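I am opening my notebook on a structure that is new to me. Come along while I look up a few residues, one by one.

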Amino acid sequence: VHGSPGSWSAFVDFFKDSTLLQQVQMVSVDRPGFGNSGLGNGEKSLERQAFYLKPIVQQYKKKGQKLILIGHSLGGPLIARMAMDYPELIDGLVFVAPSIDPKLEPHEWYRPLGDFFVFKYLLPNWLRASNREILYLKPELERMLPLWKTIRQPCIVIQGSKDVLVHPANADFAKKMLENTQSIELVIRPEMNHFVPWSNPDLIQTAILKMVRH
């Protein structure tokens, strides 16, 4: 599940990974407002985004097989919301530089202007969708606070210390809030920035294979 902005193609290189292809079936999606999912019409509600993602997850959830969700950046809180709302469908979570702590969301004064009727249709479709969901992300994350304790699936959190888009302390928030999981592993790299799927794909590959073996 990609971040904001983004599309399913953020993970396209993983579909060429022969090691993964031997062990897992991979599916990548366009979240609402991006790619072929109503480009420009962003969805601010993470609960609704999870509801839209549910039929796809159900389609690939097969008896006896594990279903693992990987979420990068704003895809992180969405996979958490999936585990909160539909725990029976999810067997593991891999958070990649996730925006999950409401207290760490930056206050960006210009975002309300981008959602104002006069201005928003001057923005490119992808930027309009991104601005809308980021503008409302903090209250969405606050609504999720009491639900973190319901997540029980094993989790891996991948975070770079040089991430300037998502505060590295989001990893500490994950460790604190995921207190009831079967297991949680933090993978912290001091030299790594926000763009993990492109700069450090091996960390995601390793996380997937660990989940398969868990």
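Below are my entries, grouped by residue.

**Ground rules.** I am working with a predicted model, in which local features need pLDDT of at least 70 and side-chain atom pairs count only at pLDDT 80 or more, while totals for chains, interfaces and linings use all residues. Residues are numbered from 1 along each chain as its sequence is written, and side-chain values use heavy atoms, with hydrogens and water left out.

**Entry on D30.** I looked for D30 and found it in the loop between α1 (18-21) and α2 (46-60). My helices (H or I, at least four residues) and strands (E, at least two) are DSSP runs, numbered from the N terminus. D30 is buried and has no salt bridge. By buried I mean under 20% relative accessible area, by exposed over 50%, and by partly exposed anything in between (1.4 Å probe, protein chains only). A salt bridge would need a side-chain nitrogen of Lys or Arg within 4 Å of a carboxyl oxygen of Asp or Glu. The nearest side chain of opposite charge, R31, is 8.8 Å away; for charge, Lys and Arg count as positive and Asp and Glu as negative, with His and the chain ends not counted.

Which backbone nitrogen does the side chain of D30 reach at 2.7 Å? I found that of W8. The D30 side chain also has a polar atom 2.9 Å from the backbone nitrogen of N36. These are polar contacts (N or O atoms within 3.5 Å; within protein, one must be able to donate a hydrogen and the other to accept it, and residues adjacent in sequence count only if both atoms are side-chain atoms). Leaving aside neighbours within four places in sequence, I listed H2, S7, W8, G35, N36 and S37 in contact with D30, where contact means heavy atoms within 4.5 Å.

**Entry on S28.** I stayed in the loop between α1 and α2, where S28 is found. S28 counts as buried because its relative accessible area is 18%. I noted W8 again: its backbone oxygen lies 2.8 Å from a polar atom of the S28 side chain. Not counting residues up to four places away in sequence, S28 touches W8, F11 and F15.

**Entry on A207.** I moved to helix α10 (residues 201-213), which holds A207. Is A207 buried or exposed? A207 is buried, with a relative accessible area of 3%. I found I156 51 residues apart from A207 along the chain, with 6.8 Å between their C-alpha atoms. Beyond residues up to four places away in sequence, A207 touches V94, I156 and I158.

**Entry on P154.** I placed P154 in the loop between α7 (137-144) and β3. P154 is buried at 4% relative accessible area. With residues up to four places away in sequence left out, the residues it touches include D91, Q182 and M211.

**Entry on backbone angles.** I checked the peptide bond from S4 to P5 and noted that it is cis, with omega near -5°. P5 lies in the segment before α1. S73, in the loop between β1 (68-72) and α3 (75-85), is not a glycine, yet its phi is positive, near 60°. A97 is another non-glycine residue with a positive phi, about 45°, and I found it in the loop between β2 (92-96) and α4 (111-114). S73 is buried at 8% relative accessibility, and A97 is buried at 0%.
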